[in-house]
Each structure stands twice: as structure tokens, then as C-alpha cells.
Amino acid sequence: MSLHAREKIGRNDPCPCGSGKKYKHCCLPGYAPSVDHVWARQHEESDRLTREITRFALRKFGERIYEAWQDFNMREVPKPLEEAADERQIFMPYFLFQWNPDARRTSARGQGGVVARWYMLEKSKQLTAMQRMFLEQATTQPLSFYEVVWNEPGERMRVWDVLVGGETEVIERSGSRHLREGDLLFAQIWHQSELAVFGSMAPICIPPSHKIEVIELRKKLKTRIAKQNRYLAPHDLLRYADLIRATYLDIRDRLFAPPMLCNTDGDLLLFHTLTFRIESAEAAFDALAPLAVGHSREELLDDAELSDDGKLRKVDIDWIKKGNRKINTWDNTILATSRFPRDM
């Protein structure tokens with residue numbers, strides 16, 4: 001969202017640039033601060049706070065970071081954290097601001113994670129107003145799925161909350177560079193002074209083809225609050241944060257899962273290596289040649305490799321059956337290929 005005009009900011013209001021001073025003692029005498037000026041100042045302060053709370057977390061809870069990684073991924077043996085550099089972009093905010101290892105009940109949602117709570121207790125007298133605002137946003141704003149409505153690469157974007165509805169214009173410099181309309185993001189939005197930014201955002205861009213999973217999630221959430229006769233609200237997303245994250249993890253894992261290889265009958269391909277001791281290449285050829293239904297011995301030998309004395313050294317034989325279960329116009333189906341090695 002853009003800055004309001006200068007007259008909408010009171011002289012005694014906190015300056016939108018985030019300095020902590022009154023507007024009349026900061027930017028009012030010279031100029032009304034631009035969005036870029038406010039964003040740069042708040043971005044710098046946010047980065048500073050993140051570095052400080054990260055050092056605090058590693059000092060106080062460093063030995064439990066792998067427990068938090070397991071909780072985030074909802075599995076006992078996730079991919080090693082050391083091999084998931086990109087995923088730290090969404091995991092570290094979870095560890096710092098939402099992770100609650102000792103409070104599994106939904107009533108504890110929205111109160112902030114254990115790291116953030118300890119940090120605020122120990123540093124309460126040292127926190128600036130802006131830092132308190134960041135911590136409040138990081139611990140109370142829900143993560144949701146956002147659809148890109150329009151995007152100005154390297155500057156800003158407008159997103160639609162697929163779960164609870166509503167559009168927000170977000171200042172985003174780096175993440176907006178490779179996004180297109182219709183793409184989905186799993187993210188948390190911070191509403192700061194005069195602008196909104198992503199407090200945390202998953203590193204993957206979810207293609208529009210996966211929107212159906214998010215819509216199914218929305219149906220589940222609406223079903224859970226149906227008896228309350230109201231619309232789905234942001235505090236519901238905090239209550240069902242685990243279910244929402246589980247949907248993200250499922251989409252993430254399927255996006256990076258290797259393709260399933262099937263034959264034309266739709267059966268999964270299983271790869272095996274079988275080793276046999278045979279009398280000779282000719283004997284093996286005589287035994288396997290009948291598997292190539294529809295091909296004569298002469299045809300199979302056309303591409304064979306022979307030794308200088310005319311003996312068989314290498315040949316490929318396709319194991320073929322007549323017809324095809326999925327494609328009626330095909331005459332046959334290749335079930336396997338036998339390849340005689342060069343050295344027998």
C-alpha cells in the first residue's frame with residue numbers, strides 16, 4: 001500500500017520512516033518520506049533484529065534446532081538441515097518466532113514461539129518501538145497462501161489471500177523478480193508503518209496448477225468453523241497453522257519428487273540387474289530370441305556385433321508381447337530389453 005499524503009500524518013505522530021521520533025522532529029521539516037525511504041529504514045532495522053535474535057536463539061536453543069526442523073517438516077527423519085539451504089528462508093522465521101515445542105494445544109496459537117518469548121523477556125528494556133512492532137507482527141500474523149494479482153518485478157506486488165480473502169499491496173524487492181500473475185506464495189505478511197512486507201516467505205513459487213490443493217484446504221477450514229456461523233478469519237489460520245503448513249509441505253515435496261516412470265500399460269517400472277553365467281552368447285541368444293514376438297532371428301542379428309571369427313559378441317533383444325492395454329492402435333508392448341555385454 002502506498003504512503004498517505006503528508007497531511008494525513010499528525011505532527012506528533014511517530015514518523016513513518018521508523019526513526020522513533022515524532023514526525024515534526026524528523027521528516028516533516030524537509031519532506032514527506034517516500035515509500036523507498038521508509039522501506040529501506042525498516043528493512044535495515046528488521047535485518048538487525050533478525051541477526052540479534054538468531055544469535056540469541058543459537059546460544060540458548062542451538063542444540064534443539066534439529067528438533068525444530070523435525071517439527072517444521074512434521075516428520076521424524078526430514079531431509080538434513082545442512083542440505084536444505086533454500087528452505088532456511090521459511091524455516092528460520094518458524095524457529096525464531098513460531099516454534100512451540102511444549103505447547104501443542106491449539107489454545108497456545110498466536111502467542112509467539114518459545115525463542116521469541118524468551119528474547120522479549122531478556123531484552124525488554126533494550127527493544128526499540130520498531131523492534132517491538134516487528135516482534136509483534138512476526139509472532140501474531142498467520143502464514144497463508146497468496147495468489148499474485150499483479151507484479152512489478154523488483155518493486156512490489158498485489159496479492160490475494162486465497163484462504164481468508166482480501167488483497168494487499170506488498171513491497172518486495174527480491175522475491176518479486178521471478179513471479180507472474182497467478183503464481184502462489186506461502187508467506188506471512190507484516191503490516192508496518194504505512195506499508196506491508198513479507199515477514200517470511202517460502203523459497204518456492206507454487207504454480208497455479210496447485211491452487212486446487214489450497215482451495216481444498218480452505219474447504220476443510222470452513223468446515224471446522226461451520227457451526228460458528230461466521231467467515232474464516234485470520235485468527236483461524238493461527239489456530240490451524242499446522243494443517244496449513246502440512247499443505248505447503250505436501251505441495252513442496254510433490255514439486256520436487258522425481259517423476260514416476262511407467263510402461264505404456266501404466267505399470268511402474270522397477271529396475272533390476274540380473275547376472276547369469278551362460279555357456280555362450282549363441283546359447284543365450286537361442287534361448288531368448290523367441291521372446292521378441294514378431295521378429296525373426298535374422299532381423300535380431302542385423303544389428304548384432306560379431307567378433308573377427310564371426311561369433312556373436314553383442315546383441316539387444318526386446319521382450320515383446322502382442323497388443324497394448326492402454327493404446328489400442330499399437331500392435332505390441334515392450335516388456336523388457338535383454339542386452340548381451342561386449343565381453344562374454
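Student: Which strands does helix H3 lie across, and at what angle does H3 run to E5?

Tutor: H3 (residues 88-98) lies across E1, strand E4 (184-192) and E5, at about 100 degrees to E5. Angles are taken between N-to-C directions of axes fitted to C-alpha atoms, from 0 to 180 degrees, using the stretch in contact for helices. This is a predicted model, where local features need pLDDT of at least 70, side-chain atom pairs need 80 or more, and totals for chains, interfaces and linings use all residues. Residues count from 1 along each chain as its sequence is written, and side-chain values use heavy atoms, without hydrogens or water.

Student: What makes H8 another helix on the sheet?

Tutor: H8 (residues 241-255) lies across E1 and E4, at about 60 degrees to E1. Helices (H or I, at least four residues) and strands (E, at least two) are DSSP runs numbered from the N terminus.

Student: How do you know that E1 and E2 pair?

Tutor: Pairing takes at least two DSSP bridges. E1 (residues 143-152) and E2 (residues 156-161) share 6, so they pair, and they run antiparallel. Tyr146 stands opposite Asp161 in E2.

Student: What order do the strands take in the sheet?

Tutor: The order is E3-E2-E1-E4-E5, an open sheet of 5 strands with antiparallel pairing. E3 (167-171) and E5 (195-201) each have a single partner, so one side of each lacks a neighbour in the sheet. From one strand to the next, the twist averages 50 degrees.

Student: Why is E4 called largely enclosed?

Tutor: Buried means under 20% relative accessible area (1.4 Å probe, protein chains only); over 50% is exposed, and in between is partly exposed. In E4, 8 of the 9 residues are buried, so the rest of the structure largely encloses this strand. Glu147 has Leu184 of E4 as its bridge partner, while Ile189 faces Phe198 in E5.

Student: Which residues have the most contacts inside the largest nonpolar core?

Tutor: They are Phe91, Phe95, Val115, Phe145 and Tyr248, in a core of 55 residues. Such a core is a set of buried Ala, Val, Leu, Ile, Met, Phe, Trp, Tyr and Cys residues joined through side-chain atoms within 4.5 Å. Helix H1 (residues 35-61) gives the most, with 8 residues.

How values were computed:
Contact means heavy atoms within 4.5 Å.
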